[in-house]
Amino acid sequence: MDEQHFPLSDFIEYPTDEMLKRAQDNYQEIKRRHSIRKFSDRPVDKAIIEQAILAAGTAPNGANHQPWHFVAIQDPEVKSQIRQQAEAIEQAFYGGRGGEEWLDALKPLGTNANKSYLDTAPWLIAIFSQKRMNTDNGDKTNYYVHESVGIATGFLIQALHNAGLGTLTHTPKPMSFLTEICQRNPDNERPYMLLVVGYPAEDATIPEHAINKKPLNEILTVI
């Protein structure tokens, strides 16, 4: 099959001063994104979630195989099942399985085994990575799966923030219970992350520790 290419017709080039302004504006906007652990139960329209997931689906990925699947969960019973399973794992983690160094690192954030936000937030998005893709010509191996799904998750978080929603990344380990609850294929898919989505509660707070970000000279080398 001959490869086909199309003209790049939707790229927009800006004057240098406008480029800098747009970069600065984007930084100021993304600085307002915070991981929150207190959510309102206010409903969020499914169409907003769908648009954010469409944005995630545009992420660059290995061989354009798009090795991801998103399960958007609003059913209270399903959310409750997820909370029960997640809290059981987290209780063991905070009970000592996490190890002293890891638990000490988490103390400034004030986290614990209570994951009530899994019930309260209007949406949970379970993100799955896929080892292989199904095509009309049979199964094909997916490439750079971890990297691809990570980029798509970043796109999704940014899209939800841009829409005006709060988020929290949640990664209980092991996360295999999500495969069963979300009725996904355990032979081909692996839970990658659980994203909690909704409006912040009125009494939502940000840990001081989480506000401290490394300065540019510590995260950038120009050569």
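Predicted model: local features only at pLDDT ≥ 70, side-chain atom pairs only at ≥ 80, totals over all residues.
1. Y144 lies in the loop between β4 (138–141) and α6; helices (H or I, at least four residues) and strands (E, at least two) are DSSP runs, numbered from the N terminus. Y144 is not a glycine, yet its phi is positive, near 50°. With a relative accessible area of 62%, Y144 is exposed; the cut-offs are under 20% for buried, over 50% for exposed and in between for partly exposed (1.4 Å probe, protein chains only).

2. Residues are numbered from 1 along each chain as its sequence is written, and side-chain values use heavy atoms, with hydrogens and water left out.

3. The protein chain has nine helices and six strands. Its C-alpha trace spans about 55 × 50 × 40 Å along the principal axes. Of the 223 residues, 35% count as buried. Taking contacts (heavy atoms within 4.5 Å) between residues at least 6 apart in sequence, 81% join residues at least 24 apart.

4. The accessible surface of the protein chain is about 14,900 Å², and carbon and sulfur atoms account for 50% of that surface; areas come from the Shrake-Rupley method with a 1.4 Å probe, and for residues only the protein chains shown count as cover. The chain has 22 positive and 29 negative charges, whose mean positions are 4 Å apart. Lys and Arg count as positive and Asp and Glu as negative, with His and the chain ends not counted; the charge is placed at NZ of Lys, CZ of Arg, CG of Asp or CD of Glu.

5. The largest nonpolar core holds 23 residues, and I49, F70, I125, I127, L156, L160 and V197 touch the most other members. Such a core is a set of buried Ala, Val, Leu, Ile, Met, Phe, Trp, Tyr and Cys residues joined through side-chain atoms within 4.5 Å. Two or more residues each come from α2 (46–56), β1 (68–73), β2 (123–130), α6 (145–163) and β6 (189–198). The largest share, seven residues, is that of α6.

6. Beyond its neighbours within four places in sequence, I49 contacts V44, A72, W123, I125, L160, L165 and V197. There is also a second, separate core of 21 residues, including F39, I82, F177 and L178.

7. The loop between α2 and β1 contains H65. H65 counts as buried because its relative accessibility is 15%. Its side chain reaches the backbone oxygen of T141 at 3.0 Å. Apart from residues up to four places away in sequence, H65 touches M133, K140, T141, N142 and Y143.

8. Q66 is also placed in the loop between α2 and β1. Q66 is not a glycine but has a positive phi of about 50°. Its relative accessible area is 33%, so Q66 is partly exposed.

9. A47 belongs to helix α2 and is partly exposed, with a relative accessible area of 37%. The C-alpha atoms of A47 and Y143 are 30 Å apart in space, and the two residues are 96 apart in sequence.

10. The peptide bond joining K173 and P174 is cis, with omega about 0°. P174 is in the loop between β5 (166–170) and α7 (176–181).

Key. Polar contact = N/O pair within 3.5 Å; in protein donor to acceptor, adjacent residues only side chain to side chain.
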